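Have the sequence and the 3D view open side by side.

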Amino acid sequence: MENLLRPLIVVGGSVVLTLIIGWATDLLLRKADARHGETPLWGLLRRGRIPYQLVLCAALLRGSYDQARLLEEHRVGIGRTLTLVLIGSAAWLVIRIVAAVVETSYSRYARVHRDAARVRRVRTQVSLIMRVVAAVVGVVAVAAMLLTFPAMRAAGASLLASAGVLGIVAGVAAQSTLSNMFAGLQIAFGDMVRIGDTVVVDGEWGTVEEITLTFLTVRTWDERRITMPVSYFTSKPFENWSRGTPQMTGIVYWHVDHTAPVEAMREKLRDILRECPAWDGRACGLNVTDTTPNTMQVRALVTAKDADDIWTVRVTVREQMIRWLAQEHPYALPRVNTADAAPAPGRIPGPSPSPDGAARRVHEPPRTIR
C-alpha cells in the first residue's frame, strides 16, 4: 500500500501544487492588468503561463522524484528527462518574459512619440533584438542540455582545444551568413531602412514588410513579395522614400501643341488640385520645359504627404487635364502636319511667277491629322 500511495502523493501533489500556484499567479496578473490599463505588461506576461507551469512542475518532480521510489531502475533516465524539460521550459519562459518587457517598452514609446519615422525605427530595432535574444537563449539552453550528458562533458576539453581551428573553418564556410547577420544589425541600429518604409530596389517599388538578421521582405504595390539578403542594402544603392519626412514632390508631363493655352492650363491645374483630397497644399506649378518641331513639353509639379498620395495626385492631374484639353481646347492636343507651313508674316498672298512663266497659286493653309 505504501508503494502505491508514495508515488501517487509525490507525483499528484507536484501536479496539484503546480496548478494551484499557476492559477494564483494568473489571477494576480489579471487583477494587475485590470488595475493598470495604461501598460500592457501584465497582460503580455500571461502569455508565459504555460512555460511557467512547466518550470514549476518539472522543478517539483525533479526535486521530489527520489522520494517517490517509482521505476527506480530508470531513475537516471527519468531524472535526466526532467532536467531537460526544466531547461527547455525555463528558456521558453525567459523568451516570453523578455518579449513582454520589450513589447511594453515599444508600445509606451509609440504612444509618447508621434514621429512615424522614429517609431518605425524603434520597431525595427525591437524585432531584431527579440530575434537575437531568442537565438542566444536557445543556444544557451541547447548547450546546457548537452552538458547534462557525461559524454558531452568529457568531450568538452577536446572541443575547446580545437575551437580555434573549428572557428576559422566555420567562419570561412559561413562567411555569407555572418555578413548578412552583421548587415542586419547594421540596418537595425544604423537607421538605413525600417519596417514600413517605402523603398525602390532593382526598379521595384514597395514597402518593407519584414526584416530579419539574414533577409528582408519587400511587399510591392501589386502585392508581390520580394525577399532579398540584408547585405544588399549595405552594399548597393537604393531609394528610401520614407527617409527623413515622407512628404514627396511628383512630376506630370504633357506633350501639347505650340498653341496650347499655358496660362489656362495653370488655372485648371489649381482647380484640379483643390478638388483632390490627396494633395497636401504645399506647392504646385506648371511650366514649359522643352519644345520639339511639332510639340512642346509641359511639366506640372505637385506635392503630397507620402508616396501613396503622390501617385494618386499624379494620375488624377494627368487624366483630368487631358480630358479638359480634349473638351475645351482640342486644338492644343498634338497634331501631325501633312502640308507646308503657312506663309511668313508680311508676305502678300497671291499668284507668283514660276520659272516657266506660268502663274503659281499660294499654298493652301496646312491640314492636320489628329
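Predicted model: local features only at pLDDT ≥ 70, side-chain atom pairs only at ≥ 80, totals over all residues.

Residues are numbered from 1 along each chain as its sequence is written, and side-chain values use heavy atoms, with hydrogens and water left out.

**The chain overall**

- The chain holds twelve helices and twelve strands; these are DSSP runs numbered from the N terminus, with helices (H or I) of at least four residues and strands (E) of at least two.
- Out of 370 residues, 30% are buried (buried means under 20% relative accessible area, exposed over 50%, and partly exposed in between, using a 1.4 Å probe and protein chains only).
- Looking at contacts between residues at least 6 apart in sequence, 66% join residues at least 24 apart (a contact means heavy atoms within 4.5 Å).

**Around Thr303**

- Thr303 sits in strand E8, which covers residues 296-304.
- Is Thr303 buried or exposed? Thr303 is buried, because its relative accessible area is 3%.
- The side chain of Thr303 makes a polar contact with the side chain of Asp280, at 2.5 Å (a polar contact is a pair of N or O atoms within 3.5 Å; within protein, one must be able to donate a hydrogen and the other to accept it, and residues adjacent in sequence count only if both atoms are side-chain atoms).
- A polar atom of the Thr303 side chain also lies 3.3 Å from the backbone nitrogen of Ala283.
- Leaving aside residues up to four places away in sequence, the residues that Thr303 touches include Met248, Thr249, Trp279, Ile310 and Val313.

**Helices H11 and H12**

- Two packed helices are described by the angle between their axes and the distance between the axes.
- The axes of H11 (residues 262-274) and H12 (residues 307-328) come within 10 Å and cross at roughly 130° (axes are lines fitted to C-alpha atoms, for helices over the stretch in contact, and angles run from 0 to 180 degrees between N-to-C directions).
- H11 and H12 are therefore oblique to each other (under 35 degrees counts as roughly parallel, over 145 as roughly antiparallel, 65 to 115 as roughly perpendicular, and the rest as oblique).
- On the H11 side, the contact is made by Ala264, Met265, Lys268, Leu269, Ile272 and Leu273, while H12 brings residues including Val313, Thr316, Gln320 and Trp324.

**Links across the sequence**

- Ser64, in helix H3 (residues 49-68), counts as buried at 17% relative accessibility.
- Ser64 and Val11 are 53 residues apart along the chain, and their C-alpha atoms are separated by 8.3 Å.
- Gly43, in helix H2 (residues 41-45), is partly exposed, with a relative accessible area of 25%.
- Gly43 and Asp33 are ten residues apart in sequence and 5.6 Å apart, C-alpha to C-alpha.

**Positive phi in two loops**

- Most residues other than glycine have a negative phi.
- Asp202 has a positive phi, near 55°, and lies in the loop between strands E1 (198-201) and E2 (204-211). Asp202 counts as exposed, at 60% relative accessibility.
- Glu223 has a positive phi of about 70° and is found in the loop between strands E3 (215-220) and E4 (225-229). Glu223 is exposed, with a relative accessible area of 64%.
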